[in-house]
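Work through the exercises below with the sequence and the structure side by side. Try each task before reading its solution.

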Amino acid sequence: MTTLLRLRYLTVVGVAFAAVGALLMFVMGAVSTVQAIGTYAGAGEEEALSTEAALAATVEVVTALDQFLLALFLIIFASGVYSLWMRSDGDDESRWTPRWLTVHSVTDLKVQLLEVIAVVLAVLFLKLLLEVTRTPDLPWTVIVIPAGVLLLSLSVWLIRRSEH
């Protein structure tokens, strides 16, 4: 049994790589933000006031927002996996962990993942709408993403309701 319990230390690999992934996503978000500034600032005086330059910069900022959200989730994921598998109940660290960051079960982690996926899909939908506004026709397939967000939100609601 103790050999089996030692396997929990393998979760440190997941925690470490989730932290590295979060760092990468923060860097990518920062680069996207700088690109948005460059897109808007690099436009000529007349172009900067146009909706085209503002729209292009907005799409890049929304992309950065998406990357920052994913980075934040990776931090929450790493903290949750660490607290589930590595931390004992008496640790001093658990006293300082915010309540919203506390994970009590794998189901809590799954629900947080579903919530983040719903938010990322909503941001993706916003980005798609911003890009599609450049074309005169709005494809019907655009409604697939909000339908997915609605279904994910409903499933999260049902999971949380079944817990109480």
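**Exercise 1. State the secondary structure and the overall burial of the protein.**

Solution. The protein has seven helices and zero strands; helices (H or I, at least four residues) and strands (E, at least two) are DSSP runs, numbered from the N terminus. Read from the N terminus, the order is α-α-α-α-α-α-α.

Two points about the model come before the next step. It is a predicted model, in which local features need pLDDT of at least 70 and side-chain atom pairs count only at pLDDT 80 or more, while totals for chains, interfaces and linings use all residues. Residues are numbered from 1 along each chain as its sequence is written, and side-chain values use heavy atoms, with hydrogens and water left out.

Next, burial: 29% of the 164 residues are buried. Buried means under 20% relative accessible area, exposed over 50%, and partly exposed in between (1.4 Å probe, protein chains only). The protein exposes about 11100 Å², of which carbon and sulfur atoms supply 71%; the areas come from the Shrake-Rupley method with a 1.4 Å probe, and for residues only the protein chains shown count as cover.

**Exercise 2. Find the nonpolar cores and the helices that supply them.**

Solution. A nonpolar core is a set of buried Ala, Val, Leu, Ile, Met, Phe, Trp, Tyr and Cys residues joined through side-chain atoms within 4.5 Å. The largest has ten residues, among them Val-15, Ala-22, Leu-74, Val-81 and Leu-109. Helices α2 (11–42) and α4 each supply at least two residues of this core. A second, separate core of five residues includes Leu-55, Val-59, Val-62 and Val-123.

Now take one core member. Leaving aside neighbours within four places in sequence, Val-81 is in contact (heavy atoms within 4.5 Å) with Thr-11, Val-15, Met-86 and Leu-109.

**Exercise 3. Is Ser-32 buried or exposed, and which residues does Ser-32 contact?**

Solution. Start with the location: Ser-32 lies in helix α2. Ser-32 counts as buried because its relative accessibility is 7%. Beyond its neighbours within four places in sequence, Ser-32 is in contact with Glu-60, Thr-63, Ala-64 and Gln-67.

**Exercise 4. Describe the surroundings of Leu-101.**

Solution. Leu-101 sits in the loop between α5 (93–96) and α6 (106–132). Its relative accessible area is 15%, so Leu-101 is buried. Not counting residues up to four places away in sequence, Leu-101 touches Ile-76 and Ser-79. The C-alpha atoms of Leu-101 and Gln-112, eleven residues apart along the chain, are separated by 9.9 Å.

**Exercise 5. How many salt bridges does the structure hold, and which residues form a salt bridge?**

Solution. A salt bridge is a side-chain nitrogen of Lys or Arg within 4 Å of a carboxyl oxygen of Asp or Glu. The structure holds one. Arg-160 pairs with Glu-115, and the closest N and O atoms are 2.7 Å apart. The pair links distant parts of the chain, since Arg-160 is in helix α7 and Glu-115 in helix α6, 45 residues apart. Last, check accessibility: Arg-160 is partly exposed at 35%, and Glu-115 is partly exposed at 29%.
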